[in-house]
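Have the viewer open as you read.

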Amino acid sequence: MKKVLFATSALVMTAGVAAAEVAVSGDGRMGMVYDGNDVQFSSRARVKFTLTGESDAGLSFGAAFRVDQENYNANAYRSAARGTAGAVWISGTYGKLSMGDVVSASEAAIGDLYEIGYTEGTFAGDVEEISYLTGDGENLDQGPNILYEYTVNNISFYASASDGQDTSWFTTPGADVDDALNASSDDVAYSLAAKYDGGNFWAALGYAKHGDASELSLGAEAQFNQFSVKGIYVDYSDRFNGAAEWEYTAGLAAAYQADALTVKGFWRQDKYDLGAGAGNEKYDSFGIGADYDLGGGAVLAGGIIDTDYLDDTVADLGVKFKF
Amino acid sequence: MKKVLFATSALVMTAGVAAAEVAVSGDGRMGMVYDGNDVQFSSRARVKFTLTGESDAGLSFGAAFRVDQENYNANAYRSAARGTAGAVWISGTYGKLSMGDVVSASEAAIGDLYEIGYTEGTFAGDVEEISYLTGDGENLDQGPNILYEYTVNNISFYASASDGQDTSWFTTPGADVDDALNASSDDVAYSLAAKYDGGNFWAALGYAKHGDASELSLGAEAQFNQFSVKGIYVDYSDRFNGAAEWEYTAGLAAAYQADALTVKGFWRQDKYDLGAGAGNEKYDSFGIGADYDLGGGAVLAGGIIDTDYLDDTVADLGVKFKF
Amino acid sequence: MKKVLFATSALVMTAGVAAAEVAVSGDGRMGMVYDGNDVQFSSRARVKFTLTGESDAGLSFGAAFRVDQENYNANAYRSAARGTAGAVWISGTYGKLSMGDVVSASEAAIGDLYEIGYTEGTFAGDVEEISYLTGDGENLDQGPNILYEYTVNNISFYASASDGQDTSWFTTPGADVDDALNASSDDVAYSLAAKYDGGNFWAALGYAKHGDASELSLGAEAQFNQFSVKGIYVDYSDRFNGAAEWEYTAGLAAAYQADALTVKGFWRQDKYDLGAGAGNEKYDSFGIGADYDLGGGAVLAGGIIDTDYLDDTVADLGVKFKF
């Protein structure tokens, strides 16, 4: 027998109940992806749990994860019950402290470029996402990460860190590689960021460090009537992938909204020093797409992305839903 | 702290909220199975999510999957978040379009024989289920399948297809075996069916094709007072399993209901050409069982099945629940 | 879109609906664990489903499992849909019968020592938990277990059993090792227990047997004003782990509650006969901790445990939540 859940909180509010709650929400999508060679069907359905409560002294607390993020036995690094997916938090007048698979301070302040298409960029490998050095799945070999956020007037401060220990205890994954001296899995991965919000624009600066590698990130976004524009520049130092060193990521995104229609685009460039006198290489990615809001949680969306990472032009078209 | 969900939609309706919703339902069962040698305990509990919404223009959309169908990391072919379990759909005056692990057009029109026992046939390997050539998990190496359904007056039309591409892109499983020429994993698997519903009886015809293999299916069901009877005949061509060729499946099921009691039975025959002059072989399966409705979602049920597939007679007895 | 679920059953009650329901609840925790060498972050979030219904004749039935207990493809022995995690039950005037990953009769009657710390003992390997011989995951190679509970006046009776069959049928895990004569996986694992509840104290006696191994358990608990004290003694016979034979586990736990504060401690000793003239060995474990109830489902908790099993002193400190 089906259970209908309330879509509004009105009745709960009037009842004056301050008790802890579990909200169940979901999303879905269906459509077609052109992968550069063929057109393929692509769909998905997901459910998310959002747990919220409040202590007697007014401290808020909560947690959130999706069903597909709970892979207790299949993947210890994608399990909310192990602290390696989703997050738990407490928040009050002193700010908000989260623990789990949280984003880094830099990512919390700056974020990514605009998502395009009904698969929200996945059809092109999510090239709209900035590859921040720490957090957001990067350091889960050390178990849960923490993120602290505090806002005073127009300024927000962010700090995030791993615990610098890859050794496991009973419910925390982590292979014991302590024997490997100076292994990055034994180095605290941390990040600090600040953001100024001026109403119709914001600007943010972030820093992150993990072992020898470091990251300096700058981001800003502005809205003028129906236009939005966002720029991100991330400079990496000593971030190696084999012999190749990632030097920087630069990105620009813009959007125009007219009633139900939103047109979005982005450009991104990544530069690598190939090492050993092999010179440099630049990867450019371009994307353009449109969303049409059908109301009630349904959006018709499509996008085209050309990226040097795939060495191809790919596209998607479909509908996405929020429940 | 437990949350009690509403079992009726009355209050939601009066509130006039048309917003998207997530309904949580479940099922369970407990009892004993005689596997031909021993009696064993068998139980299970499952939870299902049904997501529904409606666009401003009155287009319905939704999705559904169970918790045990989300194995994101353990099994890419049994994951609603990858489109290989559960389904997403949109529907309106033009019909209903579903994508995911959908049944084929033939199966949508004709279905299976009657389920027997508290494990609903599982205690005998689900021999009441017809092995349709396409859809319902058969073609998930190509990612999600689609199913289109449209009803006008007494006639329903069905069409289903895979995309004919086993190459994976970012969230679609599928090993790239393009090198294997004429591999069935690169052939579109499709099915077409039509059904006439005359009120207390229906008759349906289906066709399916995947590579060289094809399937022609016929089904009909009728109800006379407390009696129901259903017949299915499926003729396969070039459907090989090694050297053996599956020639046909024929099945007949009947049920009699008197108040809370339902008595059900089925017979099924499968014929195989063993190839290489080894002659033919027929597999017969018989089943009989009874359900007693205890009310409130609980049913006491038991069944006995004798099948050449197991070369044994097996039985179950227990209770099954709907929540 | 988030769905808010009702935290009270008041409205459901007034509606007089007796239909089956699915309740969604959850828990979370975040804090730090000192594992004897390093301090590490540890967090988790979990969601639990509780399914309940009632037949027309007033028979109650239900089921319960957590999202992280459904690992259908990753671990057949931790899957509610296979009967190897969570449980299904029916209950009425004749008692309650549960099937699935249930505890043994002994554990149902006696239970464990008091849990300490925000990770509820997990930071020290759950040494507060008694290792009962049967049930609670011990015999899942035989599929689901059963537990029967019946209370008349002050006395409760308990009986539990596995089915003595490790052979699998279609949805029950179990490797077929029938060839191994006298394998414990082919022996019924059963337990019987009785408990007398005198209001502010109870005493219980349990017995369990699996193959050659047997267990005799005694437990009692009493409350005096703000004090609670609990004692457990479990005597094992022929319970071997390689050459070593587990002889007994003795445990004592005490708690003192003053308003929101609860202080808890336990001591436990396990004795092993190392066999082959190697003599005996005793393992002692001590724990002390405190919980401070913040209200609304949040508890600040910390603990210190010194145990010979880890040959170390470990500690935790954090907050735990109920939603």
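## How the chains pack

Buried area here is the accessible area (1.4 Å probe) that two parts lose on being put together, summed over both. On that basis, chain B and chain C bury about 4,600 Å², with 72% of this coming from carbon and sulfur atoms. Taking contact as heavy atoms within 4.5 Å, this interface draws on 53 residues of chain B and 59 residues of chain C.

With chain A, the buried area is about 4,600 Å², 72% of it on carbon and sulfur atoms. Here chain B puts in 59 residues and chain A 53 residues.

## Ground rules

This is a predicted model, where local features need pLDDT of at least 70, side-chain atom pairs count only at pLDDT 80 or more, and totals for chains, interfaces and linings use all residues. Residues are numbered from 1 along each chain as its sequence is written, chains are lettered from A and ligands numbered from 1 in the order in which they are written, and side-chain values use heavy atoms, leaving out hydrogens and water.

How many salt bridges cross between chain B and chain C? The count is zero, a salt bridge being a side-chain nitrogen of Lys or Arg within 4 Å of a carboxyl oxygen of Asp or Glu. Between chain B and chain A the count is zero too.

Polar contacts do turn up (a pair of N or O atoms within 3.5 Å; within protein, one must be able to donate a hydrogen and the other to accept it, and residues adjacent in sequence count only if both atoms are side-chain atoms). Chain B has seven such residue pairs with chain C, both residues at pLDDT 80 or more, and seven with chain A, under that pLDDT condition as well.

## Symmetry

Chain B goes onto chain A with a rotation of 120°, 0.0 Å of shift along the axis and an RMSD of 0.0 Å.

Terms used. Least-squares fit on C-alpha atoms with pLDDT ≥ 70 in both.
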